[in-house]
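Let us walk through this structure step by step. Keep the sequence and the 3D view side by side as you read.

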Amino acid sequence: MSGFVLAIDQGTTSTRAILFDDKMKVAGTGQQEFAQHYPASGWVEHDPEDIWASVLATVKAALKAAGRTASDVAAVGITNQRETVVIWDKATGKPIHNAIVWQDRRTAPLCRKLKKQGLEKKFTKKTGLLLDPYFSGTKIAWMLDKVKGARKRAEKGELLAGTIDSFLIWRLTGGQVHATDATNASRTLVYNIEKNVWDDELLSILNIPTAILPEVKDCADDFGVTEKSLFGAEMPILGVAGDQHAATIGQACFEPGMMKSTYGTGCFALLNTGTDLVRSRNRLLTTIAYRLNGKTTYALEGSIFIAGAAVQWLRDGIKVIGKAEQSGALAATADPAQAVYLVPAFVGLGAPHWDADARGAIFGLTRNSGPAEFARAALESVAFQTRDLLDAMRKDWKGASAKTVLRVDGGMVASDWTMQRLADILDAPVDRPTILETTALGAAWLAGSKAGVWPKAKEFAKSWALERRFKPEMDAATRGAKLAGWRDAVRRTLSVR
């Protein structure tokens with residue numbers, strides 16, 4: 001059997017398809033951006049048809065770039081932007097509304113209402129999550145309530161709902177399979193992560209019919225085959241995981257205590273806690289890291305909504321850089337005497353604050369503050385937020401020791417300046433791997449190992465290779481002063497102080 005494995009990486013701003021060969025090396029890629037829609041303040045949507053078109057185009061491009069056909073592909077793995085949801089017509093596959101993106105804040109009033117009813121503890125106990133617009137359940141409830149006729153159609157069994165992976169599986173299999181994996185299910189706010197079932201009580205609270213939801217499978221499982229008409233041959237879909245979980249796998253964080261952080265549009269740090277379902281006392285999330293062969297591995301997660309998006313803001317919002325990769329070099333020229341802080345709460349603050357109503361702010365400006373200071377503040381904000389997550393993890397779980405090494409991936413990690421500043425602020429080593437496509441690699445490994453053409457977990461972990469380790473160089477006094485300034489800036493930014 002061919003050892004080629006195709007990974008579909010459906011992200012927030014673009015879709016990528018990567019074909020890996022039998023040595024787990026990249027053989028061909030395709031990438032396509034798609035439109036972002038902002039119909040109201042705090043609302044973020046995608047057209048599911050744009051996403052579908054980008055998947056078709058990038059898969060074909062990756063195969064062409066590698067000089068291969070669908071017949072050469074042993075397995076397909078899918079990884080996706082999490083919490084983004086679609087509801088579609090069961091008969092036609094057509095969406096009834098644009099996809100509501102994970103960044104969207106429109107359900108904040110519903111979340112506040114549920115909190116006032118004293119329901120957050122119930123949701124957290126069962127799902128490991130907090131009542132925040134970030135998660136999928138309230139988005140589904142909103143569409144059922146706001147799209148004309150949707151609730152009646154759902155109750156009649158005419159509609160299906162799911163995260164992006166489910167929508168793609170449905171389309172790729174020609175409507176034959178309605179499924180998701182345990183990691184994506186764990187982010188919906190209606191999945192019991194201890195019992196590994198959709199939770200009837202939580203579904204009732206949000207008034208979501210169970211019948212519209214997908215079957216929940218292991219991350220490495222049989223998700224059907226792609227329709228022959230799409231790519232010229234059937235390809236088995238054998239792996240699915242949400243993007244941050246796939247990155248955890250791609251970074252080979254299989255042992256308890258291992259930690260990875262992905263720096264893309266947002267930043268998401270996951271700490272493997274093994275079979276230990278750790279209930280956070282510091283407003284982190286408890287989530288499913290992955291589920292293999294029916295065995296669930298858990299993680300503590302810290303979610304930062306704005307990471308690379310802060311660099312996009314420098315480029316597109318205030319236009320102090322022309323390209324994202326210029327940010328590190330510009331930051332390096334900043335005046336060290338200026339203490340400028342950016343709290344990038346453009347869509348609220350994530351962990352450990354969970355303040356949906358906070359908005360971005362800049363502190364410490366002087367007459368001499370300019371583009372370099374703005375660039376440094378944007379990049380440092382990512383380091384400061386990561387430090388907040390690591391501190392919370394260490395308080396929550398003894399396995400997050402002071403010796404924890406952070407494995408990193410995502411677009412921002414290409415910047416040496418940013419990674420060095422991250423190590424300095426964390427006061428911990430930061431490891432950058434040779435393969436930065438860890439999210440796609442994780443999805444590919446799930447599929448390839450299930451197909452029997454790629455190695456099992458232990459052998460796969462041995463293939464992880466370090467490109468560079470960044471060690472802390474900042475003195476304790478400077479680090480302490482910077483952290484004190486950051487915490488003061490956050491305190492001033494919170495909507496409720």
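Leaving aside its neighbours within four places in sequence, which residues is Asp243 in contact with? The model is a predicted one, and in it Asp243 contacts Thr79, Asn80, Gln81, Arg82 and Thr439. Asp243 itself sits in helix α10, which covers residues 243–250. Is this residue buried or exposed? Its relative accessible area is 15%. Buried means under 20%, so Asp243 counts as buried.

Now turn to one of those partners, Arg82. This residue lies in the loop between β5 and β6 (85–89). Arg82 has a relative accessible area of 2%, so it is buried too. Leave aside neighbours within four places in sequence, and its contacts are Trp102, Tyr134, Asn184, Arg187, Gly242, Asp243, Gln244, His245, Phe268 and Glu301. UniProt has something to say here. Under "binding site", an unreviewed entry lists Arg82, Glu83, Tyr134, Asp243 and Gln244.

Strands of a sheet pair through backbone hydrogen bonds, either parallel or antiparallel. Here five strands form an open sheet, in the order β3-β2-β1-β5-β13, and the pairing is mixed. Which strands are at the edges? They are β3 (26–33) and β13 (237–242), and each pairs on one side only. From one strand to the next, the twist averages 15°. Look at the end of the order that holds β5 and β13. Strand β5 (residues 73–80) runs parallel to β13, and five bridges join them.

Helix α15 (residues 438–451) lies across β1, β2 (14–20), β5 and β13. This helix runs at about 140° to β5.

Move on to strand β15, residues 267–274. How many of its eight residues are buried? Eight of the eight are, so to speak, under cover: the strand is described as mostly covered. Cys267, Ala269, Leu271 and Thr273 point one way. Phe268, Leu270, Asn272 and Gly274 point the other way, and all are buried.

Strand β15 has partners. Five bridges join it to β14 (residues 259–263), and the two run antiparallel. A hairpin of three residues links β14 to β15. Tyr263 stands opposite Cys267. Seven bridges join β15 to β17 (residues 295–304), again antiparallel. There, Gly274 has Tyr298 as its bridge partner.

Helix α14 (residues 416–426) packs against α17 (residues 476–493) at an angle of about 90°, with the axes 9 Å apart. That angle makes α14 roughly perpendicular to α17. Which residues meet? Arg421, Asp424 and Ile425 come from α14, while Arg479, Lys482 and Leu483 come from α17. By type, the contact divides into two nonpolar, no polar and four charged residues.

Methods. Residues are numbered from 1 along each chain as its sequence is written. This is a predicted model: local features need pLDDT of at least 70, side-chain atom pairs count only at pLDDT 80 or more; totals for chains, interfaces and linings use all residues. Side-chain values use heavy atoms; hydrogens and water are left out. Buried means under 20% relative accessible area, exposed over 50%, partly exposed in between (1.4 Å probe, protein chains only). Helices (H or I, at least four residues) and strands (E, at least two) are DSSP runs, numbered from the N terminus. Two strands pair if DSSP finds at least two bridges between them. Axes are lines fitted to C-alpha atoms, for helices over the stretch in contact, and angles run from 0 to 180 degrees between N-to-C directions. Angles under 35 degrees count as roughly parallel, over 145 as roughly antiparallel, 65 to 115 as roughly perpendicular and the rest as oblique. Contact means heavy atoms within 4.5 Å. Ala, Val, Leu, Ile, Met, Phe, Trp, Tyr, Cys and Pro count as nonpolar, Asp, Glu, Lys and Arg as charged, and the others, Gly among them, as polar. UniProt positions are given in the numbering used here, feature names are shortened, and annotations may be inferred rather than shown by experiment.
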